[in-house]
Each structure stands twice: as structure tokens, then as C-alpha cells.
4 protein chains.
Amino acid sequence: KIRHSLIISQIVSFFTLRTVFYGTLIGSGAAAQVVTSRGTHGDYLTIQLGSALGAVFGIFVARGVSGAHLNPVYSLSLCVLGRHPWKKLPLYSLSHLVGAFLGAATVYLQYYDAIQTFSGGELLVAGPNATAGIFCSYPADHLSFWGGLVDQVVATALFLLCCVALEDQRNGPLPDGLHPVLVGALILTMGVSMGSNCGFPLNPARDLGPRLFTFVAGWGEEVFKAGGGWWWVPIVAPFVGGLLGTLTYELLIEAHHQTTPQSPQQEQEAVELEEVVVDSGNNSKTHPKLLKLSKIYSKQK
Amino acid sequence: KIRHSLIISQIVSFFTLRTVFYGTLIGSGAAAQVVTSRGTHGDYLTIQLGSALGAVFGIFVARGVSGAHLNPVYSLSLCVLGRHPWKKLPLYSLSHLVGAFLGAATVYLQYYDAIQTFSGGELLVAGPNATAGIFCSYPADHLSFWGGLVDQVVATALFLLCCVALEDQRNGPLPDGLHPVLVGALILTMGVSMGSNCGFPLNPARDLGPRLFTFVAGWGEEVFKAGGGWWWVPIVAPFVGGLLGTLTYELLIEAHHQTTPQSPQQEQEAVELEEVVVDSGNNSKTHPKLLKLSKIYSKQK
Amino acid sequence: KIRHSLIISQIVSFFTLRTVFYGTLIGSGAAAQVVTSRGTHGDYLTIQLGSALGAVFGIFVARGVSGAHLNPVYSLSLCVLGRHPWKKLPLYSLSHLVGAFLGAATVYLQYYDAIQTFSGGELLVAGPNATAGIFCSYPADHLSFWGGLVDQVVATALFLLCCVALEDQRNGPLPDGLHPVLVGALILTMGVSMGSNCGFPLNPARDLGPRLFTFVAGWGEEVFKAGGGWWWVPIVAPFVGGLLGTLTYELLIEAHHQTTPQSPQQEQEAVELEEVVVDSGNNSKTHPKLLKLSKIYSKQK
Amino acid sequence: KIRHSLIISQIVSFFTLRTVFYGTLIGSGAAAQVVTSRGTHGDYLTIQLGSALGAVFGIFVARGVSGAHLNPVYSLSLCVLGRHPWKKLPLYSLSHLVGAFLGAATVYLQYYDAIQTFSGGELLVAGPNATAGIFCSYPADHLSFWGGLVDQVVATALFLLCCVALEDQRNGPLPDGLHPVLVGALILTMGVSMGSNCGFPLNPARDLGPRLFTFVAGWGEEVFKAGGGWWWVPIVAPFVGGLLGTLTYELLIEAHHQTTPQSPQQEQEAVELEEVVVDSGNNSKTHPKLLKLSKIYSKQK
């Protein structure tokens with residue numbers, strides 16, 4: 001019985017808290033707040049802070065029980081690097097799609113009164129009373145098809161490049177607990193520097209899930225028609241950009257860790273530790289434990 | 001004599017610095033500044049920064065001598081999780097109510113001239129010269145009763161879910177000193193994404209205490225009548241949401257820590273530490289101390 | 001010869017980099033930028049960020065060679081707590097006064113063109129083209145004398161209370177390098193919640209130094225006459241508030257560290273460390289070193 | 001074959017990811033976004049956040065394989081301090097010039113549609129539809145030649161002074177991973193307090209590279225003529241200011257580390273460690289390892 005409950009809660013967890021659910025709820029909530037209050041309760045920066053902080057706490061909640069992937073592009077990146085099994089990719093992607101859908105639904109629930117009042121009851125994709133932009137990405141008027149593609153490839157490439165760099169222990173240590181904060185800062189970075197063309201989707205599940213929700217919830221098929229059938233660009237381009245960014249990092253940085261000499265201090269420390277090890281093997285009985293202690297210790301650094 | 005003084009200061013401390021007094025003073029002060037300066041000394045974001053930073057420093061001041069609860073909903077959550085005695089809940093809640101009342105009084109004292117000048121001496125709850133919103137939560141015009149209830153349940157559920165996650169050592173380590181900062185970031189998150197419906201009270205004592213102060217200080221019974229008798233929603237809904245969030249975390253994340261396999265690195269470290277222990281018991285006299293040293297050490301990680 | 005140079009540079013350093021020079025330069029610079037650009041290059045928040053970040057980097061520069069006092073009120077607080085010799089207080093205060101004067105002079109140098117263009121060459125204390133507010137504190141129109149006194153006493157009391165709390169190791173640990181950042185966050189807190197009455201001076205040297213500079217540099221005696229002779233309030237009130245805040249912390253928090261039971265985990269660790277010590281004294285020759293090692297280790301935590 | 005690929009990727013990396021490429025891309029991107037959206041997608045603060053965050057992630061990406069110099073002025077500073085070989089300075093400077101050029105090109109690519117729409121196809125250096133300011137520094141109307149020179153010398157001096165202070169281990173420890181964040185905070189500091197005269201270039205490569213790009217890409221020779229031939233000021237002045245700041249730090253802070261007594265606690269720890277060492281040499285065989293362990297340990301602190 002308990003085992004059954006655990007399995008069910010595991011599944012529910014897999015499709016909600018371990019996904020981009022939380023990020024969607026906070027990010028789209030921040031947009032809903034600014035749009036429906038007509039800018040009295042926030043501005044462009046607070047929306048970006050919402051997107052960033054939603055990711056931060058999404059990772060803090062999920063980091064212990066899953067890798068806190070939150071983005072199929074990131075999962076793909078890990079698959080390519082051999083750090084995640086390929087066969088798990090479809091299910092992970094699906095879970096984020098479901099999570100983002102549910103996140104959008106929760107935002108609509110929480111802002112139902114506000115959206116109804118703001119839009120006069122008409123759920124529109126374009127125009128001064130449009131509310132679809134709260135949930136997913138639409139291109140700015142000036143953006144061409146190729147411009148949008150380039151924007152998303154460049155932005156996601158940079159995003160993944162940095163994500164991979166932050167996780168590369170050999171590139172430099174990071175205190176526990178700072179990593180989620182820096183991923184949030186990275187999303188804020190994207191928001192302030194690459195957000196005006198099409199809202200920096202970066203995440204296919206985070207874009208398609210809420211789009212499907214708005215399709216179902218009353219915004220209708222316009223959500224797929226708008227921007228000349230824009231909807232598939234933020235699904236395809238991020239995968240391309242993500243791969244590009246990951247490979248760029250691997251080729252231009254990761255590949256050179258072996259060939260790059262360590263700093264003098266690091267080398268000195270390595271030599272000293274080695275001496276402890278060598279001495280330990282020869283001299284006395286208490287050494288092996290010290291050896292282990294020092295090994296454990298050296299891992300921490 | 002000294003003992004008496006200590007008891008008195010303990011009591012005073014219990015009803016002031018160990019409560020949400022500090023958070024109320026900073027948070028409502030930030031609102032007072034923006035409202036009375038008609039937006040020349042801050043904007044929506046600075047108010048949210050005030051709420052967030054008030055919590056951060058409230059925790060830094062109180063964390064050593066109390067658990068820095070600051071919110072009865074959080075105390076309730078800890079009671080449910082068995083980490084705080086139930087019988088202390090009423091007194092803790094009362095202390096926060098008193099602390100928030102005193103915080104509001106201090107804000108009024110500090111902004112007395114500004115509020116009088118801004119309002120022309122009339123202390124109003126609604127209208128362009130309203131000042132009651134500086135102190136506690138009132139619903140936006142668009143908000144229905146059920147909408148307000150949903151808003152507060154959803155917001156407090158997410159808030160507590162994250163609070164519990166941040167304290168769950170098994171979900172991931174957090175450097176000392178980062179925890180209060182992240183709680184502040186969490187409050188900022190709520191402010192930028194769930195603040196436009198009714199100002200994200202989240203904390204019954206923080207809302208009722210200042211409301212009682214404004215009732216006494218001259219705003220009158222309108223503070224309880226406004227919004228169709230809104231005042232009890234931010235008292236009841238947060239408890240419901242807080243419970244929901246806590247239980248959701250326990251069921252969807254905490255319950256799976258046992259069933260989730262540890263990372264390879266963690267397992268390796270555990271094995272090595274065990275070896276130290278096993279060896280220690282067999283070989284030599286100096287082992288028990290090393291064993292203890294390594295135990296203490298391993299705790300830190 | 002080298003010794004002479006060292007003494008001279010020590011003296012120069014004592015009156016510049018080890019003072020609030022840096023903080024004045026950044027903080028007043030941020031105000032100069034917003035005022036003279038008429039809000040196109042920043043807003044109220046960026047001024048507060050400037051004040052906060054100026055303090056952060058002022059501390060980072062000076063922390064190794066002085067205690068990074070930066071504020072005579074803080075020095076007074078340390079004197080009262082017995083952590084700083086009273087006889088050094090006058091010289092420290094003087095050095096900050098000089099540092100703030102030089103900081104203001106540097107701001108005027110850097111923004112000379114901008115201030116001349118903005119003000120049409122007339123250096124005024126009040127009116128739409130006033131520029132004196134860039135350098136030091138003036139009361140808002142609504143503020144009464146007593147209101148200003150209360151504002152500064154309350155604000156400085158809270159400020160010092162938090163400063164003392166952040167440095168109280170027994171109240172909780174803080175990672176190296178986070179302390180200066182939190183002092184900056186504390187100044188930002190004051191800026192967003194207690195800045196609209198009179199600009200939260202908090203620091204007598206930081207206020208009087210730049211005021212003296214503006215008096216000398218062409219704003220004239222109006223800098224002392226404005227606000228009904230306001231100038232002495234931000235000198236006297238912060239000392240009163242600072243003392244109040246320090247004593248409040250000592251009485252309401254510090255005094256209870258002994259009487260407050262530690263957390264179970266802390267107690268357990270203390271017991272284990274004690275066992276190591278006791279064992280060490282009895283059993284074997286290698287113990288004293290382990291004892292010391294563990295002592296040193298325990299200090300770090 | 002692999003060796004050849006490695007060399008090529010090393011070279012590509014040297015001229016892109018290890019330079020200010022990333023910082024230019026994010027920083028100029030943030031400006032492009034605000035300018036072309038006419039302020040609907042950000043404001044002055046978000047541009048500064050872009051500049052700051054671009055530096056943060058530029059350092060996080062490059063810190064493992066290069067020193068993450070990112071600025072020729074910083075390289076010069078390290079050369080003067082004897083921490084970097086002089087002969088590498090020209091090549092490093094060139095690489096940053098190339099990186100900044102490529103970063104500007106990427107921004108133009110990503111914002112091509114937006115810039116064309118905003119400017120009506122005319123690439124202008126001045127006027128309401130000017131877009132050259134997205135890429136590099138131009139003086140404000142009020143700024144005189146000498147004013148600009150002073151601004152850049154003062155700003156870069158302070159910037160380098162802080163950079164050197166943050167890296168001075170003897171001035172105080174900094175947790176791994178916090179250093180890049182603080183450099184970002186430092187750039188934000190410059191942006192909010194010294195940005196309105198001429199946009200705080202601070203970095204000759206970051207300014208000249210994008211200027212060359214705009215010259216080539218269609219803005220024409222006006223980019224060199226504007227501001228009375230301003231272009232060389234942000235190239236020369238930062239070197240002067242950087243040297244000044246570095247030397248000021250060395251003379252006023254670094255020179256006194258030896259002569260400044262350590263804190264009582266630090267001294268006590270030093271004495272205890274010394275005792276361990278002394279004891280170790282006399283008493284028993286296990287001491288040398290403990291000695292090394294404690295040495296390694298003491299390094300960490």
C-alpha cells in the first residue's frame with residue numbers, strides 16, 4: 001500500500017515539481033501581473049526577475065531528487081556529453097511539457113479575475129488587450145522569420161554554453177548552493193540582453209506547454225497561426241542552438257583542460273598530497289587512515 | 001537582579017526582534033516611502049526589495065536565539081513536520097502579531113509627517129490619497145472573493161514548499177549565511193509574480209497586526225470592512241496554503257529521498273569513510289580519535 | 001627612506017582608501033549621474049545601488065588593513081562594546097571626515113561639466129536646478145524638525161543593530177566575503193525603506209564632509225542654513241541611534257546567547273569534541289597534536 | 001590530426017570565448033534591446049545589468065583555461081605587478097580586440113531586423129534614431145575633452161584598484177565562485193555611478209573593436225569623427241587610469257600588509273599551528289604527515 005502511494009507520488013512529482021512547472025508558474029505569473037496591472041505592479045525588469053527566480057527555486061526544489069533538468073535542451077546537451085541516457089530524453093521532454101502546461105493552467109487560475117477584467121472577457125493573441133503573450137513566445141513586429149531563427153539559435157547557444165561551463169568542475173569550483181542562483185542570473189542575462197525579439201523562449205517545453213494550454217483554454221488556434229506560424233521556431237531553434245553551444249564549449253574550452261597547465265599553487269598542493277601518500281605506504285601503521293582522510297579532504301577542495 | 005533583567009529582556013526580545021517586527025518595519029516603510037513620495041523615491045520593485053530585505057535582516061538578527069520563525073504559517077508547518085512543539089504555536093503566533101503591530105507603529109512614527117502631508121490629515125482606506133495599503137493587504141478592484149482565496153492558497157503553498165525545500169539538507173547543501181538571503185529572494189519572487197491581486201500577505205500575523213494598528217491609530221473600522229470584509233482571507237488562506245505546500249513537498253520530494261539512489265560520488269565517499277571506521281576498530285590505539293575527527297568532519301559536508 | 005615612504009603612504013591611506021572616501025565617490029556619483037542626466041541615466045533605485053555598492057567595495061578595499069570602519073557611528077559602537085579603543089575614536093572620525101570631503105571633491109571633478117551644464121553655472125541648494133543634494137542630506141519639504149530627528153534615530157538604530165548582528169559569530173556563521181555584500185544590502189535596505197524623509201545619512205562624516213566641500217566649492221553658507229539649520233541633525237542623531245541600536249542588540253539578543261540552549265546537533269558536536277580532548281590527555285603521545293588540529297578545526301566552523 | 005584540431009580550436013578559443021566577446025555580446029545586446037524597443041524592453045538599469053552579467057559569465061566560461069583577463073588594462077596591471085609576462089600583452093590585447101569585434105558583429109546579426117526597423121535603414125551615429133551608441137562609447141553633449149579624460153582616468157583607476165583588491169588574498173579571503181560575481185557587481189557600480197558622461201568604456205579593446213565593426217558595417221567614418229575625434233580617449237585614458245589605480249592600491253594598501261599586525265585571532269591560530277609543527281619535529285614518527293595535513297589545511301583558510 002505504502003509502496004503504491006510512493007509510486008504514485010513519484011509519478012506526480014515527475015510531472016510537476018521536477019519539471020519546469022514552478023518556473024512557468026513564477027515566470028508567466030510575473031508577466032500576468034505586469035500585463036493585467038498595466039504596468040502599475042512591475043515593469044520589464046520584474047518580469048525578467050520572475051523568470052530568473054522561478055528557475056532558481058525550481059532548481060532548489062528539484063535538485064535533490066532529479067538533476068533539476070527543467071529544459072529538454074539541457075537534457076539533450078547532457079545526452080550528447082554522455083552524462084544522461086538517450087532513452088530517457090523523450091520521457092523527460094514529455095514531463096516538462098506536462099509541467100509547463102500545468103504551470104500555465106495555475107497562472108490562469110490565479111489571474112483569472114485579472115485577465116478577464118483586463119481583456120474584457122476576450123482572450124486575444126494580438127492587439128492592446130492581448131494576453132496570450134503572458135504564457136508563451138510571440139515574435140515582435142519587426143522580426144523576420146530568419147531573424148527569429150538566428151535570435152533563438154544564438155541565445156540558446158550562449159545559454160547552454162554557460163550552463164555547461166558552470167557545471168564543469170575542472171573549469172573552476174563553485175560553492176554548493178551558488179549554482180542554482182547563477183542559473184537564475186543566466187536567465188536574467190538572457191532576459192535583459194536577448195529578450196526583445198521574441199521573448200527568449202530558450203526552452204521548447206516551456207513554450208509549447210503553455211501554448212497548448214492557451215489553445216485549449218480559449219485563445220484558440222490563433223496561438224499557432226500568429227506570427228506566420230511562429231510556434232515551431234521556439235521548439236526547433238533552441239535544440240539547434242543548444243547543441244551548438246554545448247559543442248562549442250567542448251571544443252573551445254573543455255578540450256583544453258588537459259593541455260592547460262595548472263596554476264603553480266595547485267601543482268604544489270598536488271605534490272604535497274602525493275608525498276603524504278608515498279610516505280604513508282612506507283612508514284607506519286597509522287598512515288592508511290591519514291591517507292584516506294587526506295583523500296577525502298582533497299576531494300572537498 | 002541580573003536574572004530579573006535577563007528575563008525581562010528575554011520577554012521584550014521575544015515580542016520584538018525575534019518576530020516579524022523588523023520585516024514589517026522595513027516592508028511597510030518601503031511602501032510608505034513610495035506612496036507618500038508619489039513614486040519619486042522608489043517604485044513597485046523597491047517596495048518588493050524592501051519586503052525581501054526586511055525578511056533577510058530579520059532572520060540574520062534573530063537566527064541565533066530563535067529559529068527565526070517570523071511567520072505563524074511557517075511555525076505551523078514545522079509543527080506538522082514534528083520539528084516544533086504544537087503547544088508553542090499559539091504563543092509564537094501572538095508574539096508575531098505583537099511584533100508586527102509594533103513594526104507598523106514605528107513606521108507610522110517615522111513617516112508621520114509624510115503621511116499627514118500626503119493625505120491632508122485624513123487617514124483613508126480607499127481612493128487616490130489612501131494610506132491604509134502601506135500597512136496591510138487589500139484586494140485589487142478586479143479580485144473576486146474566490147479569486148482572492150485561490151491567490152493566497154496558491155501563493156502560500158508555493159512559498160512554504162520552497163521554504164521547506166531550502167531547509168531540507170538531504171535535498172542539497174546550502175552554505176551558512178545563504179539561507180536568509182534565499183528566503184528574501186523567495187519573498188521577492190512572490191512580490192514580482194503574485195503581488196498584484198492582493199499584495200501577497202502570506203503571513204497572517206504580518207497582516208493582522210498592522211491592520212489592528214491602523215484600526216486603533218485612526219483609519220477606523222473601514223480597515224475591516226474594506227473589500228467586502230476581506231481582512232480574514234489573508235489570515236485563513238495562508239494557513240491552508242502553507243499546509244498544502246508543506247504536505248506537497250513531503251509527499252512529492254521528501255518521501256523519495258530514501259528511494260532515490262545517491263550520486264556515485266556520494267556513495268564512494270560513504271564507502272571510504274566506512275573503511276576508515278572499520279579499520280579504526282581493528283588496528284591501533286590512535287584510531288578512535290581519527291574516527292571521531294572524520295565523523296565530525298563528515299558532518300560538516 | 002623606504003620607511004619614510006611607508007609612513008607617508010600609511011597616512012595617505014588612512015585618510016583616503018581606509019575611509020568612506022570610496023563610498024562617497026560612488027554614492028554621490030550615482031546621485032550626480034541621475035540628477036544631471038535628469039533621470040535618463042538611472043533612477044531612485046540606481047542611486048541606492050550606488051550607495052550600497054560603494055560601501056561593498058569600500059569594505060573590500062580596506063578590510064585587510066583596517067577594520068573597514070567607514071562610519072564614526074560604527075566606531076563608537078565598537079568602542080562601547082569594548083572592541084575598539086576609545087582614544088582612537090576622534091582620529092578615526094576625523095579621517096572619515098577628510099575621506100568624505102575628498103570623495104565629494106572627486107565627484108565634483110568628474111561631474112564638473114555635467115553640473116555646470118545642468119545648473120547653468122549656478123550652484124544652488126534648493127529649487128528645480130539644485131545640485132547640493134548630490135553631496136549631502138537635506139530634509140524633504142514635509143519633514144518637521146522632530147520628524148527628522150526620529151527618522152535618523154530609528155534608521156541608524158536599525159542599521160547598527162543589524163551591523164552588530166552580522167558580526168556576532170555566536171548568532172550564526174557567515175562565509176568570508178559575504179559580510180561586505182550584506183552590509184551593502186543593508187544600506188540598500190535603508191535606501192528603499194527609510195530614504196524619502198531626508199536621504200538616510202546614517203553617517204555623520206559622510207554627511208558633514210561633503211557639506212563642508214560644497215560650502216567651500218561655491219554652494220556657500222546656504223548648505224548650513226537650508227532646512228532651518230538642518231545640518232547638525234544628521235551629525236548628532238546617528239550617534240544617538242547607533243548607540244540605541246547597539247545596546248538594543250546587546251540586551252535583547254547578545255545577552256541571551258549563554259542562556260539559550262544550543263541546537264541538538266551543536267550540542268552533540270561539542271560533546272564529541274570534548275571526548276577527543278579528554279581521550280587525548282590520557283592515552284597516547286600523538287594526541288596533543290590531534291587535539292590542536294581539532295581545536296583549530298573547530299574554530300573554523 | 002587530433003593535435004592539429006586542438007591547436008586550431010585553441011586559437012579560435014583564444015580569439016573568442018577567452019576574450020571580452022561574451023561581454024560585448026551581452027552588454028551591447030542589452031543596449032540594442034533598450035534602444036530598438038524605445039524603452040519598452042528595459043531601461044538604463046537593465047543595460048547596466050547586461051554589462052555586469054556579461055562580464056560575470058564571460059569570466060565563468062574562461063576562468064579555467066585562461067586568467068579570464070577580458071581587458072587589456074587588467075593585463076597591463078598584472079604585467080606591472082609582475083604576475084603576467086610583458087611580451088604576452090600585445091597578443092592578449094589583440095585577441096580582445098578581435099573578440100569584441102566579433103561580439104559586436106553577433107549583436108548586429110541578432111538585432112539586424114530591430115536596428116533596420118528602428119533606424120529606417122539609416123545607420124546613424126547621432127540624433128534620435130542613432131544606433132552607434134549600442135556598440136561603443138560616445139561623449140554626452142555636456143562633456144568637454146578634459147572632462148572626458150578625467151572621467152575615464154578616475155573611473156578606470158577605481159575599477160582597477162578594486163579588481164586588484166579583490167584578488168589580494170592577503171587583504172581577505174573570498175569564496176571560490178564569488179570573485180566573478182563581484183567583478184560583475186563592480187561593473188554595475190561603474191554603470192550606476194560613472195556612466196552618464198561617456199558610458200564608462202573602461203576597456204580599450206571593448207570600445208575599439210565594436211567601433212571598428214560599426215565603421216566597416218555601414219556607420220562609416222563618423223564613428224571616428226564624432227565627439228571631436230573622441231575615439232582615442234577611451235583607448236588611452238583607461239590605460240592611464242588603470243596604472244594609477246593599480247599603483248595606488250600597491251602603495252596605499254598592499255605595501256602595509258607586512259607592517260599591519262594581524263587580528264588577535266589570526267595570531268593565536270598562527271601560534272598554535274607553529275606549535276604543531278615544532279612538536280612534530282621532535283616527538284614521533286607520525287608527525288610529518290600531520291604537519292603536512294595541517295599545512296594543507298591551513299592553506300585552505
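Predicted model: local features only at pLDDT ≥ 70, side-chain atom pairs only at ≥ 80, totals over all residues.
Which hand does the crossing of α7(A) and α8(A) have? The crossing is right-handed.

**Helix packing within a chain**

In chain A, helix α7 (residues 145-167) packs against helix α8 (residues 178-193) at an angle of about 165°, and their axes are 11 Å apart. Angles over 145 degrees count as roughly antiparallel, and α7(A) and α8(A) are therefore roughly antiparallel to each other. On the α7(A) side, the residues in contact are Ala155(A), Leu158(A), Phe159(A), Cys162(A), Cys163(A), Leu166(A) and Glu167(A). They meet His179(A), Leu182(A), Val183(A), Leu186(A), Ile187(A) and Met190(A) of α8(A). Sorted by class, this contact has 11 nonpolar residues, 1 polar and 1 charged.

Chain D supplies another pair, helix α3 (residues 44-62) and helix α8 (residues 178-193), whose axes come within 8 Å and cross at roughly 150°. α3(D) and α8(D) are therefore roughly antiparallel to each other, and the crossing is right-handed. From α3(D), the contact takes in Tyr44(D), Leu45(D), Gln48(D), Leu49(D), Ser51(D), Ala52(D), Ala55(D), Val56(D), Ile59(D) and Phe60(D). Their partners in α8(D) are Pro180(D), Val181(D), Val183(D), Gly184(D), Ile187(D), Leu188(D) and Gly191(D). The contact of α3(D) with α8(D) has 13 nonpolar residues, 4 polar and no charged ones.

**Helix packing between chains**

Helix α3 (residues 44-62) of chain A also packs against helix α7 (residues 145-167) of chain B, at an angle of about 55° and with the axes 9 Å apart. That angle makes α3(A) oblique to α7(B). The crossing of these two helices is left-handed. Phe57(A), Phe60(A) and Val61(A) of α3(A) meet Leu161(B), Cys162(B), Ala165(B) and Leu166(B) of α7(B). By class, this contact has 7 nonpolar residues, no polar and no charged ones.

| Helix pair | Angle | Axes |
|---|---|---|
| α7(A) and α8(A) | about 165° | 11 Å apart |
| α3(D) and α8(D) | roughly 150° | within 8 Å |
| α3(A) and α7(B) | about 55° | 9 Å apart |

Rolling a probe the size of a water molecule over the atoms shows where empty space is left. The second largest pocket holds about 300 Å³ of space. It is lined by 16 residues, of which Phe21(B), Ala157(C), Leu158(C), Leu161(C) and Thr248(C) are the closest to its centre. Two or more lining residues come from each of α2 (21-36) and α5 (89-110) of chain B, and from each of α7 (145-167) and α11 (233-252) of chain C. α7(C) gives the most, with 5 residues. The lining has 12 nonpolar residues, 4 polar and no charged ones.

**A cavity in chain C**

Over the whole structure, a search finds 3 cavities of 30 Å³ or more. The second largest cavity has about 60 Å³ of space. Which residues line the second largest cavity? They are Phe14(C), Arg18(C), Ser66(C), Gly67(C), Ala68(C), His69(C), Leu70(C), Tyr92(C), Ser95(C) and His96(C). Helix α5 (residues 89-110) of chain C gives the most to this lining, with 3 residues. By class, the lining of the second largest cavity has 4 nonpolar, 5 polar and 1 charged residues.

Terms used:
Residues numbered from 1 in each chain as written. Chains lettered and ligands numbered in written order. Heavy atoms only, no water. 1 Å grid on protein atoms, 1.4 Å probe; cavity = no way out; pocket = protein on both sides within 12 Å on 5 of 7 lines; lining within 4 Å. Points joined across faces, edges and corners; volume = space filled by probe spheres on them. Helix = DSSP H or I, 4+ residues; strand = E, 2+ residues; numbered from the N terminus. Nonpolar A, V, L, I, M, F, W, Y, C, P; charged D, E, K, R; others polar. Axes fitted to C-alpha atoms, helices over the stretch in contact; angles between N-to-C directions. Parallel < 35°, antiparallel > 145°, perpendicular 65-115°, else oblique. Left-handed = near helix turned anticlockwise from the far one by under 90°. Contact = heavy atoms within 4.5 Å.
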